Amino acid sequence: MNWDMIFGFANAWALLGWVILAFAPKREIIVPLVFFAGSVFLACLYAGLIIPLMAGWISDGGPLGRPPADFTTLAGIMALFDSPGGATIGWIHYLAFDLFVGIWIARNADAHKISRWLQAPILFFTLMAGPIGLLLYLLLRQLKGEKPNNAVLPS
């Protein structure tokens, strides 16, 4: 399996979603398009790779005879990411979830009349360091005077 090609494709696909999300005009079709073509597609790619990898049907490019992935220890997670397949699949996991959070931020910010120019740096931080972007958006919502119980609920 060509893990470099899959890695490059997933990166480019996610970046396209982010560019559309940040810079496309506010139209009702944009966010659902990015959601399905972006996050849902990346989630399907992730599932299509992790399931056969965990079942032993495909190789992760790591050493043969390695024990199955152990998600309960730091050493087990490090071993999983210590192969081209494991790192690629882990990265796709991040791409899918960060894009999902970015979509939620954009949708919620649009509903609260927050301009795309103000959203753009928050979306950038979400792309580069997901939890920081989410935190910035939640702080922005607080500064706007939103009630705490509404800060994280989709509108």
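How many helices and strands are there in the protein? There are 6 helices and 0 strands, and read along the sequence they follow the pattern α-α-α-α-α-α; helices here are DSSP runs of H or I with at least four residues, strands are runs of E with at least two, and both are numbered from the N terminus. This is a predicted model, in which local features need pLDDT of at least 70 and side-chain atom pairs count only at pLDDT 80 or more, while totals for chains, interfaces and linings use all residues. Residues are numbered from 1 along each chain as its sequence is written, and side-chain values use heavy atoms, with hydrogens and water left out.

Begin with the whole chain on display. Of the 155 residues in the protein, 37% are buried, where buried means under 20% relative accessible area, exposed means over 50%, and partly exposed lies in between (1.4 Å probe, protein chains only). The accessible surface comes to about 9,300 Å², and 74% of that belongs to carbon and sulfur atoms; such areas come from the Shrake-Rupley method with a 1.4 Å probe, and for residues only the protein chains shown count as cover.

Next, select Ala 24, which is found in the loop between helix 1 (3–23) and helix 2 (30–55). Ala 24 counts as buried, at 16% relative accessibility. Leaving aside residues up to four places away in sequence, Ala 24 touches Val 19, Ile 30 and Arg 116, a contact being heavy atoms within 4.5 Å. Ala 24 and Arg 116 are 92 residues apart in sequence, and their C-alpha atoms are 9.2 Å apart in space.

Move on to Arg 116, which counts as buried at 11% relative accessibility. The side chain of Arg 116 meets that of Asp 110 in a salt bridge (2.6 Å, N to O), a term that stands for a side-chain nitrogen of Lys or Arg within 4 Å of a carboxyl oxygen of Asp or Glu. The structure holds 1 salt bridge. Then select Lys 113, in the loop between helix 4 and helix 5; Lys 113 has a positive phi of about 60° although it is not a glycine, and at 73% relative accessibility Lys 113 counts as exposed.

Now select helix 6, residues 130–143, whose 14 residues should span 20 Å at 1.5 Å a residue, and whose end C-alpha atoms are 20 Å apart, which agrees; the expected span is 1.5 Å times one less than the number of residues. Which residues of helix 6 are buried? They are Gly 130, Gly 133, Tyr 137, Leu 140 and Arg 141. These residues cover an arc of only 100° around the axis, which puts them on the same side of helix 6, the arc being that of the directions from the helix axis to the C-beta atoms. The buried residues of helix 6 pack against helix 4 (84–111) and helix 5 (116–128), whereas the face turned away from that buried side carries the exposed residues Pro 131 and Leu 143. Just after helix 6, Gly 145 takes a positive phi of about 90°.

Finally, select Phe 124, Phe 125, Met 128, Ile 132, Leu 135, Leu 136 and Leu 139, which make a nonpolar surface patch of about 670 Å². Patches are made of residues with over 30% relative accessible area and no salt bridge, with like charges joined within 9 Å and nonpolar side chains (Val, Leu, Ile, Met, Phe, Trp, Tyr) within 5 Å. The largest share of the nonpolar patch, 4 residues, comes from helix 6. Met 128 lies in helix 5 and is exposed, with a relative accessible area of 56%.
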